[in-house]
Amino acid sequence: MELYVYGTGCGAGELAREALDPARIAAFVEASPARETFLGRPVISIEALAARTVDLLIVTSKDAPAFPLPPEKVLYLKNHMALRDRNASYDAARSALGDAFVDRLQRQEALVRAPLWDEGLFDAPGDWVRLKTLEAICRRLEPVPGAMAELGVFRGEFAAAMNALQPERTLYLFDTFEGFDPNEAAPEGLAAAHENASADAVLQRLPRAEKAIVRAGLFPETAAGLEAETFALVSLDADLEESTLAGLRWFASRMEPGGYLLLHDWNHPGLPGVRRALERYEAERGRRLPAVPLCDITGTLIIPF
Ligand SMILES: C[S@@+](CC[C@H](N)C(=O)[O-])C[C@H]1O[C@@H](n2cnc3c(N)ncnc32)[C@H](O)[C@@H]1O
């Protein structure tokens, strides 16, 4: 098995320390070799590599040039720099490095590889940061008890992602499915855009619909009877001030330690009521909530508990 490693920096050192005995490396490769050996192995140029028989070239630098090899023989470890998976396949890596190493690598890459995209669950490429943040948050939720909920489900796009990422958790779906509270002044275009939804259609798009409980109607009335429930994850996406405030009041005291509330549109210039609702809630409580603003398209605020 002829293994080569591109790069002689931190990435290559880390690989040799953690996963690959340098004795197994035929040579390190550099675009312009500045030394003859690295970790006791020869350093060769890309031109010299072209004359070798290569089973696998492991790229440990993010600034990699083109290589004179079929793509399936190149394994990129520094994918995260490019925010996408650059590997044509992992087959050569599996036989060269073993399943345990490649499984670990793929788990790490899953953060940037957009698996939900492939399943077509979340049809909003422009909202990539929010989805990937949800995915990362779900990785931290495992020991946290409690249900999930979304206030403001509409056609269930984000709810489907929550349901897919936490398939064993109960998911409460709060929405009128007929648009906003008529007592709240919604901008005309916004109101019209949210009239056509149905709870059945939402359930149909959920991969684990049996975990969902629909609470159709006006929140917070629709939360009656759930006072003893606690939550690990809540998406608050009601767009308007009074409903958002009602959501903050109702959910915040029921969040489990370690849980997260995602306040969507907190930084949305077209929906200033969301930010005002949070300010009113914080004024009521007499303190600011610890929170992390997200750089997604509409400025979600992540509130950890
Ligand atoms: C922006 S949409 C939600 C989008 C959804 N999260 C998604 O992934 O596409 C806002 C929704 O909040 C709902 N809503 C707002 N205030 C509400 C309230 N007080 N009770 C029930 N539903 C409400 C509206 O009916 C609307 O469907």
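Predicted model: local features only at pLDDT ≥ 70, side-chain atom pairs only at ≥ 80, totals over all residues.
1. Residue numbers start from 1 along each chain as its sequence is written.

2. Seven strands form an open sheet with mixed pairing, in the order E9-E8-E7-E10-E11-E13-E12. Strands (E, at least two residues) and helices (H or I, at least four) are DSSP runs, numbered from the N terminus. Two strands pair if DSSP finds at least two bridges between them.

3. Which strands stand at the edges? They are E9 (212–216) and E12 (292–293). Each has a single partner strand, so one side of each lacks a neighbour in the sheet.

4. E8 (residues 171–175) and E9 run parallel, joined by five bridges. Leu171 stands opposite Ala212 in E9.

5. Helix H10 (residues 241–252) packs on the sheet, touching strands E7 (147–151), E10 (231–236) and E11 (255–263). Contact means C-beta atoms, placed from the backbone, within 7 Å. The direction of H10 makes about 175 degrees with that of E10. Axes are lines fitted to C-alpha atoms, for helices over the stretch in contact, and angles run from 0 to 180 degrees between N-to-C directions.

6. The ligand has 22 residues around it; Gly152, Phe154, Phe158, Phe219 and Ser243 come nearest. Here, near means a C-beta atom, placed from the backbone, within 6 Å. Helix H7 (157–165) and E8 each supply at least two shell residues.

Key:
Contact = placed C-beta atoms within 7 Å.
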